[in-house]
Amino acid sequence: MHLLRIGPQGGERPCAVGPGGVVRDLSSWVADWTGESLDPDVLRDLAARLAREAGTLPVADPAAERVGPPVRPGGHLLSIGLNYRAHAAEAGLALPDEPIVSSKAPMTLVGPHDDLLLPPGGEKTDWEVELAVIIGRRAQYLPDRAAAPAHIAGFATGNDVSERRWLLERGGQWVKGKSFESFSPLGPFLVTPDEVPDPQDLRLSCTVNGRVMQKASTADMVFDVAHLVWYLSQFMVLHPGDVILTGTPGGVALGRPDQPYLCPGDLVEAEVAGLGAHRQRCRPAVRPGASADRPREVV
């Protein structure tokens, strides 16, 4: 099943792709894609009901309305670093012995076509196409990696946008460079595991202004999806709606000789094959009370 949320920011309605590829509004069945509605058993029952009763539900048009992130923002948003061999190589760093875990402010989560806001003083904003894993069932102290899939609601295309200046040059934790508004576009769909036969065999790509920047496969991951879910459950409780951004392949701006960081007007397109694509225009963020025409401030 392909789940999505349609509507203005803060007012999205839970929807799903039904028979014939028609998107249906499921708000009469579920309040939102969050909490217990993401439990894998609940989703299986909903899929069966949708197949039987889709004609009783209103049609939704993602081409006519905004598409939001496929889960309601507010849960853990976790970012895995150096989890692709090619990315570690371009950074000149050894492969990690254990997953490198950072976090992002939960409210950075936005829809796949929302504008990407370049922060004041942000001179090194970078793209990072990633496979995102959405938790569907509480996970704590899982006994082994084989237990992990039962706790996954589904998968989505993510972009773990980072401001490298704050992340690498300003000291402190990586969370500072990852938590600006709009820095976690997700979607358009949450695709349930029955439609993703092997999460370690998915193609990822990212282009900027039509130029291919990243092109890789999740087969290049150092730590696979099951390992990451198991590992994280050893030191935190994972809740339904939590999102794990599983790492980015090589090809980020930081690793390129010309370091072509994002600028206002740039168009970023990111995709994980089978999970849907992003299309985001970059524009400067504006401080409250400042003019939209004022140049970006340096701090």
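This is a predicted model: local features need pLDDT of at least 70, side-chain atom pairs count only at pLDDT 80 or more; totals for chains, interfaces and linings use all residues.
Q: What makes S182 count as buried or exposed?
A: Buried means under 20% relative accessible area. S182 has a relative accessible area of 2%, and therefore S182 is buried. This residue lies in the loop between α4 (175-178) and β13.

Q: Why is Y141 called exposed?
A: The term exposed requires over 50% relative accessible area. The relative accessibility of Y141 is 56%, so Y141 counts as exposed. Y141 is found in the loop between β10 and β11.

Q: What makes the phi of S182 worth noting?
A: Most residues other than glycine have a negative phi. S182 is not a glycine, yet its phi is positive, at about 80°. Y141 also has a positive phi, near 50°, and is a residue other than glycine.

Q: How do you know that the peptide bond between G187 and P188 is cis?
A: The omega angle of the bond joining G187 and P188 is about 5°, and the bond is a cis peptide bond. Most peptide bonds are trans. P188 is found in the loop between β13 (184-185) and β14 (190-191).

Q: Why is α5 described as largely enclosed by the rest of the structure?
A: The cut-off for a buried residue is under 20% relative accessible area. Seven of the nine residues of α5 are buried, and so α5 is largely enclosed. The buried residues are V225, A226, L228, V229, Y231, L232 and S233. Their cover includes β5, β6 (100-103), β10, β11 and β17 (243-245).

Q: What makes W127 and V229 stand out in the largest nonpolar core?
A: This core has 44 residues, of which W127 and V229 touch the most other members. Contact means heavy atoms within 4.5 Å. Leaving aside neighbours within four places in sequence, V229 is in contact with V133, I135, L142, A148, I152, L238 and I244. A second, separate core has 24 residues, including V30, A132, I134 and A156.

Q: What makes a space in this structure a cavity, and how many cavities of 30 Å³ or more are there?
A: In a cavity a 1.4 Å probe fits but cannot get out. By this rule there are two cavities of 30 Å³ or more. The second largest cavity has a volume of about 40 Å³.

Q: Which residues and elements line the largest pocket?
A: The largest pocket holds about 230 Å³ of space. It is lined by 18 residues, and those closest to its centre are L82, H87, R164, L167 and W174. The elements β5, α2 (85-91) and α3 (164-168) give two or more residues to the lining. By class, the lining has eight nonpolar, five polar and five charged residues.

Terms used
Residues are numbered from 1 along each chain as its sequence is written. Side-chain values use heavy atoms; hydrogens and water are left out. A nonpolar core is a set of buried Ala, Val, Leu, Ile, Met, Phe, Trp, Tyr and Cys residues joined through side-chain atoms within 4.5 Å. Buried means under 20% relative accessible area, exposed over 50%, partly exposed in between (1.4 Å probe, protein chains only). On a 1 Å grid over the protein atoms alone, a cavity is a set of points where a 1.4 Å probe fits but cannot get out, and a pocket is an open set with protein on both sides within 12 Å along at least five of seven lines; lining residues have an atom within 4 Å of a point. Grid points are joined across faces, edges and corners, and a volume is the space filled by probe spheres set on the points. Helices (H or I, at least four residues) and strands (E, at least two) are DSSP runs, numbered from the N terminus. Ala, Val, Leu, Ile, Met, Phe, Trp, Tyr, Cys and Pro count as nonpolar, Asp, Glu, Lys and Arg as charged, and the others, Gly among them, as polar.
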